[in-house]
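Work through the exercises below with the sequence and the structure at hand. Try each task before reading its solution.

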Amino acid sequence: ASHDHHKFPNMAANRQPKRRKQEEKVDISQLQFGEDFENAEAMLNAEVKMIIDRQNASGQLEFEDLSEMMQNSYTYVQTFGKFRDFESISLCKTELMELGLSSFEAASLGNLMPANADEAKRLITSLAKY
């Protein structure tokens, strides 16, 4: 067994070095969220609530049928979703994005409702460029 390397002399020489998976760059302050969120759109809490409400209204879901995580999420968005009608939800996010904000920044502003620009920049670090 100690002489096995002589039987296959080129095996080690021809082996390609293993490529390490490239380190995924995640930096929220630079709006880099990683591959999983590359094409995802951030949502306002009220948008999430509206989607769940629509599913409930269609009879497809009952609150009891939701997983514990979904029940907690729904309770959270019910509590913290500031906008109550679809027009307000759409208008808020659309206008912020038309000003050049990413969907993440627009949704974060709508969800967090900072009192002023300084607070917004502290909470959403990517806004520091403004």
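Two residues are in contact when heavy atoms of theirs lie within 4.5 Å. The model used here is predicted.

**Exercise 1. Describe the overall make-up of the protein.**

Solution. Begin with the elements: the protein has 7 helices and 0 strands. Read along the sequence, this gives the pattern α-α-α-α-α-α-α. Next, turn to burial: of the 130 residues in the protein, 23% are buried. Last, take the contacts with a separation of 6 or more: 55% of them are between residues 24 or more positions apart.

**Exercise 2. Find out whether Glu105 is buried or exposed, and list what it touches.**

Solution. Step one is to locate the residue: Glu105 is in helix H6. Step two is to apply the cut-off: buried means under 20% relative accessible area. Glu105 has 1% relative accessibility, so it counts as buried. Step three is to collect the contacts. With neighbours within four places in sequence left aside, Glu105 is in contact with Leu31, Ile124, Ser126, Leu127 and Lys129. Step four is to look at one of these partners, Ser126: the side chains of Glu105 and Ser126 are joined by a polar contact of 2.7 Å.

**Exercise 3. Compare the span of helix H3 with the expected value, then state what its buried residues pack against.**

Solution. Helix H3 covers residues 45-57, which is 13 residues. The expected span is 1.5 Å times one less than the number of residues, and for H3 this comes to 18 Å. From first C-alpha to last, H3 reaches 18 Å, close to that expectation. Now mark the buried residues of H3: Asn45, Ala46, Glu47, Lys49, Met50 and Ile52. The buried residues of H3 pack against helices H4 (68-80), H5 (86-98) and H6 (103-112). Just after H3, Gly59 has a positive phi of about 80 degrees.

**Exercise 4. Describe the largest pocket and the second largest pocket.**

Solution. Start with the largest pocket, which holds about 330 Å³ of space. It is lined by 14 residues, and those closest to its centre are Phe33, Phe37, Ala40, Ala42 and Phe104. By type, the lining of the largest pocket has 7 nonpolar, 3 polar and 4 charged residues.

Go on to the second largest pocket, with about 200 Å³ of space. Its lining consists of Met43, Asn45, Val48, Tyr76, Phe80, Asn111 and Leu112. Helices H3, H4 and H6 each give two or more residues to this lining. By type, the lining of the second largest pocket has 5 nonpolar, 2 polar and no charged residues.

Definitions and conventions
Residues numbered from 1 in each chain as written. Predicted model: local features only at pLDDT ≥ 70, side-chain atom pairs only at ≥ 80, totals over all residues. Heavy atoms only, no water. Helix = DSSP H or I, 4+ residues; strand = E, 2+ residues; numbered from the N terminus. Buried < 20%, exposed > 50% of the residue type's maximum accessible area, 1.4 Å probe, protein only. Polar contact = N/O pair within 3.5 Å; in protein donor to acceptor, adjacent residues only side chain to side chain. 1 Å grid on protein atoms, 1.4 Å probe; cavity = no way out; pocket = protein on both sides within 12 Å on 5 of 7 lines; lining within 4 Å. Points joined across faces, edges and corners; volume = space filled by probe spheres on them. Nonpolar A, V, L, I, M, F, W, Y, C, P; charged D, E, K, R; others polar.
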